[in-house]
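User: I would like to go through the terms used for this model and see what each one rests on. Please set the values against the definitions.

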Amino acid sequence: MPGYISTYTYQPAAGHVPQFAPRDYKHFSVEPVTGAMGAVVTGLDLTTAGDAAIAELEEALTDHLALMIRDQDLAPDQQVAFARRLGSPVPWPHAKPMEGHPEITELIQEPNDKYAFGGTWHSDSCSFERPPKYTMLYCVESPPVGGDTAFSNQYLAWETLDPALRDELEGVKCLNSDEVGYATVATSDEVMGHTTTTIAFDRDHIEEVLHPVARTHPVTGRKALYTNSSFTAAFEGKTQEESLPLLEKLWEHSITQEFTCRLRWKKGSLAIWDNRCCMHYATSDYPGHRRHMRRIVLEGERPV
Ligand SMILES: [Fe+2]
């Protein structure tokens with residue numbers, strides 16, 4: 001025996017109950033993607049769906065955290081109209097909106113772009129006082145393969161933490177700052193030079209706010225880990241240097257394989273996810289190809 005020590009640990013089994021027992025949906029079909037989260041929805045036309053179908057869709061979103069709804073054909077106005085049925089679309093201040101549609105941000109990766117917009121693990125805009133509850137993307141054009149959006153279930157991330165660490169983190173807040181993520185993006189010629197989406201970032205108006213490390217979902221009442229390397233600067237009352245050792249441990253845990261799924265895009269698919277209980281990551285694996293999405297975010301509440 002050469003006497004090596006093991007440098008890995010196994011993740012205990014973890015799963016999200018609704019993935020294994022979808023409701024008896026009456027207005028569409030739901031196919032869960034992994035044991036952690038995510039589902040593909042078919043058999044629903046968002047332009048003609050009645051109120052009962054939309055209410056059921058929101059239940060599916062609450063259960064599965066992220067939905068990929070196939071086979072839609074949505075003009076920008078129709079996408080906005082659908083978004084309004086789930087909440088209030090809010091403009092996103094860091095990019096120029098689509099001409100004539102202040103609620104829509106177009107996310108376009110050109111074939112020569114080096115970096116994908118959203119290509120880090122994050123929950124959208126968690127440096128805002130009231131981060132968006134839902135984000136929706138409508139796929140206008142997708143690469144032939146690649147460009148999946150990956151997701152991670154943060155209920156599972158919180159619930160599988162060591163109980164002693166959970167106790168330690170109970171009630172603790174983190175400072176989430178635009179400066180952590182957007183400032184790097186907005187000031188790096190290399191990133192900006194190869195990313196089509198314009199990010200308007202004003203160094204004199206940095207958004208930052210304290211949010212709980214674990215937030216309670218207003219509908220399910222469950223707690224979800226709510227910190228990520230794209231926005232979190234430090235624990236309240238501590239420096240970034242003091243905070244990073246534990247934060248990095250949490251960030252690594254938060255993207256454990258068993259918590260994740262990947263949703264594959266097709267032209268005409270619309271994805272919606274719940275930023276209050278999952279993180280996402282735009283996979284940049286389609287060099288030489290174009291990807292075009294229309295994004296709308298819906299107003300959320302202050303995390304508690
Ligand atoms: Fe995002």
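User: How many bridges join S6 to S16, and do they run parallel or antiparallel?

Analyst: Seven bridges join S6 to S16, and the two strands run antiparallel. Strands pair if DSSP finds at least two bridges between them, so S6 and S16 count as paired. Tyr-138 stands opposite Arg-294 in S16. This is a predicted model, in which local features need pLDDT of at least 70 and side-chain atom pairs count only at pLDDT 80 or more, while totals for chains, interfaces and linings use all residues. Residues are numbered from 1 along each chain as its sequence is written, and side-chain values use heavy atoms, with hydrogens and water left out.

User: What makes S4 a partner of S16?

Analyst: Two bridges join S4 to S16, antiparallel, and at least two is what pairing requires. Val-90 stands opposite Val-297 in S16. Strand S5 (residues 105-109) is joined to S16 by five bridges, also antiparallel, with Met-293 as the bridge partner of Leu-107. Strands (E, at least two residues) and helices (H or I, at least four) are DSSP runs, numbered from the N terminus.

User: Why is S16 called largely enclosed?

Analyst: Buried means under 20% relative accessible area, exposed over 50%, and partly exposed in between (1.4 Å probe, protein chains only). Eight of the eight residues of S16 are buried, so the strand is largely enclosed by the rest of the structure. Arg-291, Met-293, Arg-295 and Val-297 point one way, His-292, Arg-294, Ile-296 and Leu-298 the other way, and all are buried. In a regular strand the side chains alternate between the two faces of the sheet.

User: How do you know that the buried residues of H3 line one face of the helix?

Analyst: In H3 (residues 76-84), Pro-76, Gln-79, Val-80, Phe-82 and Ala-83 are buried. Seen down the axis, they fall within an arc of 160 degrees, so they line one face; the arc is that of the directions from the helix axis to the C-beta atoms. The face turned away carries the exposed residues Asp-77 and Arg-84. What covers the buried residues includes helix H2 (51-64) and strand S16 (291-298).

User: Why is the chain called as compact as a globular protein of its length?

Analyst: The chain has eight helices and 16 strands. Its radius of gyration is 19 Å, close to the 19 Å that the globule rule gives for 304 residues, so the description holds. The radius is taken over C-alpha atoms, and the rule is 2.2 Å times the number of residues to the power 0.38.

Note on methods:
Contact = heavy atoms within 4.5 Å.
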